[in-house]
Amino acid sequence: MPRIHNLYSLITGALLVVPAAIAASQPARSIDPVESAQRQITGYLSNLADLHCTELVTQEKLAPNGHVVVSERDKYDYLIMMNGSGDDFQLNETRLESSPGKSRKSSTPMLVSNGMATVLLVFHPYYRESFKFESGTDEMVDGKPAIPVHFTHIPGRRTPAALALRGREYPLELQGTAWLDKQSGEVVKIEAGLNRDMSDVGLSSLNVHVEYKPANIGKAVSTINLPAVAVVDVTTPRQHWRNTHAFESYKSFSIDAVQDPKVKVHAENPVPDKNDTAAAFRSDSKEKP
């Protein structure tokens with residue numbers, strides 16, 4: 001079975017500036033929706049690295065007629081760890097099962113999907129030049145005006161997602177549409193899929209749907225849009241999976257560490273590294289696609 005995952009190594013670039021436009025009555029600066037989204041994504045990642053939440057994951061294997069054959073549900077403590085600073089940093093997604101042993105696992109191999117809530121990285125400075133963008137006519141999303149922006153990957157350039165299959169990784173060329181809040185520029189919804197056929201490596205289709213909702217993170221700043229639900233639908237020539245990720249109970253956190261002078265760390269008994277740097281889409285199944 002194929003494994004799909006996001007690549008989290010990011011290198012931030014300089015923000016692009018668009019020229020000001022002249023309105024009918026007075027000067028005003030016309031903001032390109034893509035630039036607005038880029039600015040929001042940069043701030044979004046900074047906030048995301050200070051948050052943790054509860055993630056509810058439903059994994060489903062579907063029959064050819066669309067009926068659910070096998071379903072598993074799990075609950076995780078979810079957070080994003082950010083390492084580095086300045087122009088070079090890395091994001092690592094961490095999942096800790098909050099109720100281990102309570103859900104009985106089936107023997108059927110299931111798709112394990114992580115990280116699709118970060119598909120909005122297509123607007124990040126590191127990936128922006130890898131996509132073509134085209135803005136559409138305003139639409140209403142959840143009762144608010146939003147600007148749809150279609151994105152298409154440019155072949156041969158970097159991409160935020162990859163397919164891992166039989167020990168190799170294949171970059172995923174994505175295309176789709178992101179809806180940006182007309183007032184704030186924040187992403188409110190994204191739908192994405194493959195830009196080219198990948199059946200030669202066992203991936204027939206990939207469809208991702210992500211919704212971002214306002215969340216109060218307990219800071220002085222106003223609420224920001226954060227991932228609320230992500231649905232990933234994957235088909236191979238023989239299999240069909242659908243995973244649903246629901247994110248809730250966002251909280252900000254900070255960590256203060258104090259070294260006890262009475263505690264000594266010896267070279268022969270180092271402190272274990274407990275950071276879990278799980279990749280975005282992963283499965284250890286040996287089932288053939």
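**Cavities, core and selected residues of the predicted model**

The structure holds 2 cavities of 30 Å³ or more. The model is a predicted one. The space in the largest cavity comes to about 70 Å³. Its lining is made by 13 residues. L48, C53, Y78, I80 and Y250 lie nearest the centre of this cavity.

The protein chain as a whole contains 2 helices and 17 strands. It has 289 residues, and 46% of them are buried. The chain exposes about 15,600 Å². Carbon and sulfur atoms supply 51% of that area.

In soluble globular proteins, nonpolar side chains tend to be buried together. Here, the largest nonpolar core has 53 residues. F123, L172, I190 and L226 have the most contacts inside this core. Helix α1, residues 33-48, provides the largest share, with 6 residues.

Strand β5 (residues 51-62) contains E55. The relative accessible area of E55 is 1%, so this residue counts as buried, the limit being under 20%. A polar contact of 2.8 Å links the side chain of E55 to the side chain of H245. Beyond neighbours within four places in sequence, E55 is in contact with D74, K75, Y76, Y78, R95, H245, A246 and F247. One of these partners, Y78, is also among the residues nearest the centre of the largest cavity.

Two residues other than glycine have a positive phi. D142 has a phi near 55°. The position of D142 is in the loop between β9 (139-141) and β10 (144-153). D142 is exposed because its relative accessible area, 58%, is over 50%. Phi of S249 is likewise near 55°. S249, however, is placed in strand β17. With a relative accessibility of 46%, S249 is partly exposed.

Conventions. Residues numbered from 1 in each chain as written. Predicted model: local features only at pLDDT ≥ 70, side-chain atom pairs only at ≥ 80, totals over all residues. Heavy atoms only, no water. Helix = DSSP H or I, 4+ residues; strand = E, 2+ residues; numbered from the N terminus. Buried < 20%, exposed > 50% of the residue type's maximum accessible area, 1.4 Å probe, protein only. Areas by Shrake-Rupley, 256 points an atom, 1.4 Å probe, with all protein chains shown as cover. Core = buried A, V, L, I, M, F, W, Y, C linked by side-chain atoms within 4.5 Å. Polar contact = N/O pair within 3.5 Å; in protein donor to acceptor, adjacent residues only side chain to side chain. Contact = heavy atoms within 4.5 Å. 1 Å grid on protein atoms, 1.4 Å probe; cavity = no way out; pocket = protein on both sides within 12 Å on 5 of 7 lines; lining within 4 Å. Points joined across faces, edges and corners; volume = space filled by probe spheres on them.
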